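These are my notebook entries from a first pass through a structure that was new to me. I kept them in the order in which I looked things up.

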Amino acid sequence: MDVCSKTSQFFMPPHGPSCGTECDHSELERGEEFTLYSQIDLDGVQCLNAVDIRNAKLIFKTWENRFDQVHYLESDSDETLIIQIPFTSSIKLKSIAILGFNDETAPSQMKVFINRQDVDFDTVDSIEPTQEWDLIQSVPQNIIPEYPTKLTKFSNVRNITIYIPSNFGDDVTRITYLGFKGEYTALNRDPIITMYELAANPADHKTKSNISFSKSIQ
């Protein structure tokens, strides 16, 4: 079994079998410093098969509120969920943290797709995921399970789609927290073309204005 892709590493875990060069455990132990909450475009978060899609953005929480269970995401017609998350920066994603309730509503599998806009229930089973994990059900109190990524596949993430195909036996799935750890690089915005007149002379307006173009990066 590939430990990197199939099992979790808890926050501040004891170091077990090596995951190889692609898994970096040091960042998993440093909490708030590496969370990417501020880089999530919360207004752009979308969710399919949720009882209330507005709750999708509420499972992304600041590090100090990660154990809050007041707000959670619940699936609707069955146990499956698809969550689409855009970022405001280019992300080097090192781990994904996901938490549910310690019961049968907790998600049991997670499949991730990066930089795609076409993942829905019509296409999800025909697209190869970037990585997938088997999730754990029973989580010790005040612990967040974190699932390390294969870094070579997650070095330039602009958006991520998370597919939850199953849970541990309930008719619905509930997620209380979803978080990301890694590094980010600010995206350069496209140049904005500014038009202005070289001289505001009324006579110029009778014919053709003198117009110059400049480019500014904002």
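**Entry 1: a charge and a ring.** I began with Trp63 and asked which residue lies over the face of its ring. I found that Arg66 does, at 4.0 Å from the ring centre. I note here that I am reading a predicted model, and that every value below is computed from it.

**Entry 2: the overall layout.** I then stepped back to count the elements, and I found one helix and twelve strands in the protein.

**Entry 3: strand 4 and its partners.** Which strands pair with strand 4, and in what sense? I went through the bridges one partner at a time and wrote them down as follows.

- Strand 2 is joined to strand 4 by three bridges and runs antiparallel to it; in this part of the sheet I saw Gln46 opposite Gln84 of strand 4.
- Strand 8 is joined to strand 4 by seven bridges, again antiparallel, and Ile82 has Tyr163 of strand 8 as its bridge partner.
- Strand 10 pairs with strand 4 in the antiparallel sense over ten bridges, with Leu93 standing opposite Gly182 of strand 10.
- Strand 7 is joined to strand 4 by three bridges and is antiparallel to it as well, and Ala97 stands opposite Glu146 of strand 7.

I also checked how much of strand 4 is covered, and I found that 16 of its 19 residues are buried.

**Entry 4: the nonpolar core.** I looked next at the largest nonpolar core, which has 31 residues, and in which Ile160 and Phe180 have the most contacts. The elements that give two or more residues to this core are strand 4 (81–99), strand 5 (109–114), strand 8 (157–164) and strand 10 (177–186). The largest share, eight residues, comes from strand 4. I listed the surroundings of Ile160, leaving aside residues up to four places away in sequence, and its contacts include Ile83, Phe87, Leu93, Val112, Ile114 and Phe180.

**Entry 5: aromatic rings.** I counted four aromatic pairs in the structure. Tyr72 is partly exposed at 29% relative accessible area, whereas Phe101 is buried at 17%.

Phe121 and Tyr163 form an edge-to-face pair too, at 6.4 Å centre to centre with 75° between the planes. Phe121 lies in the loop between strand 5 and strand 6 and Tyr163 lies in strand 8, so the pair ties together parts that are 42 residues apart in sequence. I noted that Phe121 is partly exposed at 34%, while Tyr163 is buried at 7%. I also found one aromatic cluster, formed by Phe60, Phe87 and Phe180.

**Entry 6: asparagines in loops.** I reminded myself that most residues other than glycine have a negative phi. Asn49, in the loop between strand 2 (46–48) and strand 3 (73–74), has a positive phi near 70°. Asn142, in the loop between strand 6 (131–134) and strand 7 (145–148), also has a positive phi, of about 60°.

Are these two asparagines buried or exposed? Asn49 has 17% relative accessibility, and because buried means under 20%, it counts as buried. Asn142 has 53%, and because exposed means over 50%, it counts as exposed.

Last, I looked at Asn65, which is found in the loop between strand 2 and strand 3 and is partly exposed at 41% relative accessibility. Asn65 and Tyr177 are 112 residues apart in sequence, yet their C-alpha atoms are 9.2 Å apart in space.

Note on methods: Residues are numbered from 1 along each chain as its sequence is written. This is a predicted model: local features need pLDDT of at least 70, side-chain atom pairs count only at pLDDT 80 or more; totals for chains, interfaces and linings use all residues. Side-chain values use heavy atoms; hydrogens and water are left out. Helices (H or I, at least four residues) and strands (E, at least two) are DSSP runs, numbered from the N terminus. Buried means under 20% relative accessible area, exposed over 50%, partly exposed in between (1.4 Å probe, protein chains only). A nonpolar core is a set of buried Ala, Val, Leu, Ile, Met, Phe, Trp, Tyr and Cys residues joined through side-chain atoms within 4.5 Å. Contact means heavy atoms within 4.5 Å. Rings of Phe, Tyr and Trp (its six-membered ring) pair if their centres lie within 6.5 Å; planes under 30 degrees apart count as stacked, over 60 as edge-to-face and the rest as tilted. A charge sits over a ring if NZ of Lys or CZ of Arg is within 6 Å of the ring centre and within 35 degrees of the ring normal. Two strands pair if DSSP finds at least two bridges between them.
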